[in-house]
Number of protein chains: 2
Amino acid sequence: MTDPTTIAPSQTQSSANGPLLKQAMAARAKVIEGTIDQLLPPTTGGDARLVDAMRYATLGGGKRLRGYLAMATASLFDVPDCQSARVAASVEMLHAYSLVHDDLPAMDDDDLRRGQPSTHRKFDEATAILAGDALQTKAFEILAEAETHENAVVRIALITAFAQASGAAGMVGGQMIDMEGEGRALPLEEVRHLHALKTGCLIRYSAEAGAILGQAKPELQQRLRSYGANIGAAFQIADDVLDATATAEELGKTAGKDEASGKSTYVALLGIDGARAEAERMAKSAIEDLAPFGAQADRLRDLAYYVIERRN
Amino acid sequence: MTDPTTIAPSQTQSSANGPLLKQAMAARAKVIEGTIDQLLPPTTGGDARLVDAMRYATLGGGKRLRGYLAMATASLFDVPDCQSARVAASVEMLHAYSLVHDDLPAMDDDDLRRGQPSTHRKFDEATAILAGDALQTKAFEILAEAETHENAVVRIALITAFAQASGAAGMVGGQMIDMEGEGRALPLEEVRHLHALKTGCLIRYSAEAGAILGQAKPELQQRLRSYGANIGAAFQIADDVLDATATAEELGKTAGKDEASGKSTYVALLGIDGARAEAERMAKSAIEDLAPFGAQADRLRDLAYYVIERRN
């Protein structure tokens, strides 16, 4: 019988290296946190409330999966951390903006985020809308700055990939399909498409960003794009499993919301065991994508299992 | 006695050329409209509702003041229209996103925009939030594309100026101060600061954008920045006067909202005649900024009077 509290851990090959990955992620998260803190304005002056809300929404925790991906893939190409940490901060700001807007009453109407009041609950709706807006702007601004990369062509490539991943043909488009699909039973292919857009595009971009920063050969860039896409899919399936099996305390947000709101999930379509098997397949594909990279990519291999084994 | 329906037209020097400006603006507006139409995705596919809302919010009218400024200043440096029209489309998309979010119930709660239902009234709040988000992303994406300028350094300069004008230290910051100031009597200096951010920064950027595209000398770039800042200030003061004196039919939106919502306006602080005189001073400064430019800049001179004489 499957233990309902973990995702098929007996089948994993890399979970023995979990502690190394957790150390690496914690170390990167600290760097990313410090970089966000530095890049956002301090909280003084007439726009203090706006800046407070921007800082509240982005600082103070989270695993920084997207930021970690950007930094870890960049390190494969010996990109200095001071550059990749800026790209990581940028993608985490964009991710934070999307959460702030998703939590709004007119959207998912969520009161909790990482165990804390969501931004519109802590401040108010207008402030949350504007803080999200300004975080998006800041995310693009950071990529345009010379400190991110000395070569303007590289910065432009980052901005283009970032915009495509996060706009109407990416994250925001996926969020829209998700809203429209509520209460309807979507077929598996549509659920896959929606998640590929909603969460997949930004995770894929994060893995690709390191290759862009590192001016990697197109073939290696494509490998990391594919790795990111697989990680994104595995992550989302695991998220559905978590929503169905974990407690609110573990999640730091309301649990069981998907079923309550009639969302089409992998769990609804495949069952819990079926969803776990699908996540496992995605994780294995992600690891295959890393074939051209040596031991330097071991933490990225561990990450493939981490995303399907996590409890929050 | 001052005629209350116009802003001191007897003192204007350029209003005789108004028809030439109106023709030029109408011609540019048509080009900008066509460019936005081309740059936004067509309305097919799963994200049709999102794209519909993006198109609804940006297409179908408006004077395109910001886009006109970008195209008219670019033409001073012989930038091809196909490039400046893209920058114009980008700034109009960003302006449209700000209006969509400003009109939301949690913000200004406005049902009408240009005489039509505002985006959240035509669609729904969630769609309006997402359409605004995606329009901002698209505005940055366009600037990053090679079609906007062959030189990546120029594109980066545009993106940087654009982000600074529209983020927490620009438009969004100004909107926040405006929300916080509601119901309080702000002193004139704070009202000036708030408007310099809220509407001024993006109008200033628009005038500057043509100079950036044209790789103008720093001194000329600075002249157009200053021109844009003065136009922006004149525009906002005239807006306050219009809100106090024009009808809803003329405005295409609810009139008298500023007084009803207790906003601190130039009219409340200076009176209608005082506000008109201030707008006139700004328009004159804008014209002085154009001193280094010859007859090619005549329409930009006309524009300084146009913004304070307009009825909507």
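**Aromatic pairs, a covered helix and the chain relation**

Analyst: In this predicted model, A:F162 has a relative accessibility of 0% and therefore counts as buried.

User: Is A:Y205 buried or exposed?

Analyst: Buried means a relative accessible area under 20%. Since A:Y205 is at 1% relative accessibility, this residue counts as buried.

User: How many aromatic pairs are found over all chains, and what is the geometry of the pair A:F77 and A:F293?

Analyst: The search of the whole structure gives nine aromatic pairs over all chains. For A:F77 and A:F293 the ring centres are 6.1 Å apart and the planes stand at 85 degrees, and because planes over 60 degrees apart count in that class, the pair is edge-to-face.

User: How many residues apart in sequence are the parts that A:F77 and A:F293 tie together?

Analyst: A:F77 belongs to the loop between α3 (65-75) and α4 (81-102) of chain A, whereas A:F293 belongs to the loop between α13 (266-289) and α14 (298-309) of chain A. Both A:F77 and A:F293 are buried. The pair therefore ties together parts whose separation in sequence is 216 residues.

User: Which class of aromatic pair do A:F162 and A:Y205 form, and how many residues apart in sequence are the parts they tie together?

Analyst: The rings of A:F162 and A:Y205 lie 4.8 Å centre to centre with 40 degrees between the planes, and this aromatic pair is tilted. A:F162 is in helix α7 (residues 152-166) of chain A and A:Y205 in helix α9 (residues 188-213) of chain A, so the parts tied together are apart in sequence by 43 residues.

User: Which residues do ring pairs link into a cluster with A:F162 and A:Y205?

Analyst: The cluster linked by ring pairs contains A:F162 and A:Y205, and it has members from chain A and chain B.

User: What do the buried residues of α8(A) pack against?

Analyst: Helix α8 (residues 171-181) of chain A is mostly covered, with 10 of its 11 residues buried; among them are A:M171, A:I177 and A:M179. These buried residues pack against α4, α7 and α9 of chain A, together with α2 (48-58) and α6 (125-144) of chain B.

User: What relation do chain A and chain B have?

Analyst: Chain A superposes on chain B, with an RMSD of 0.0 Å, by a rotation of 180 degrees with 0.0 Å of shift along its axis. That is therefore the relation of a two-fold axis.

Definitions and conventions:
Residues are numbered from 1 along each chain as its sequence is written. Chains are lettered from A and ligands numbered from 1 in the order in which they are written. This is a predicted model: local features need pLDDT of at least 70, side-chain atom pairs count only at pLDDT 80 or more; totals for chains, interfaces and linings use all residues. Side-chain values use heavy atoms; hydrogens and water are left out. Rings of Phe, Tyr and Trp (its six-membered ring) pair if their centres lie within 6.5 Å; planes under 30 degrees apart count as stacked, over 60 as edge-to-face and the rest as tilted. Helices (H or I, at least four residues) and strands (E, at least two) are DSSP runs, numbered from the N terminus. Buried means under 20% relative accessible area, exposed over 50%, partly exposed in between (1.4 Å probe, protein chains only). Copies are superposed by least squares on the C-alpha atoms of residues with pLDDT of at least 70 in both. Contact means heavy atoms within 4.5 Å.
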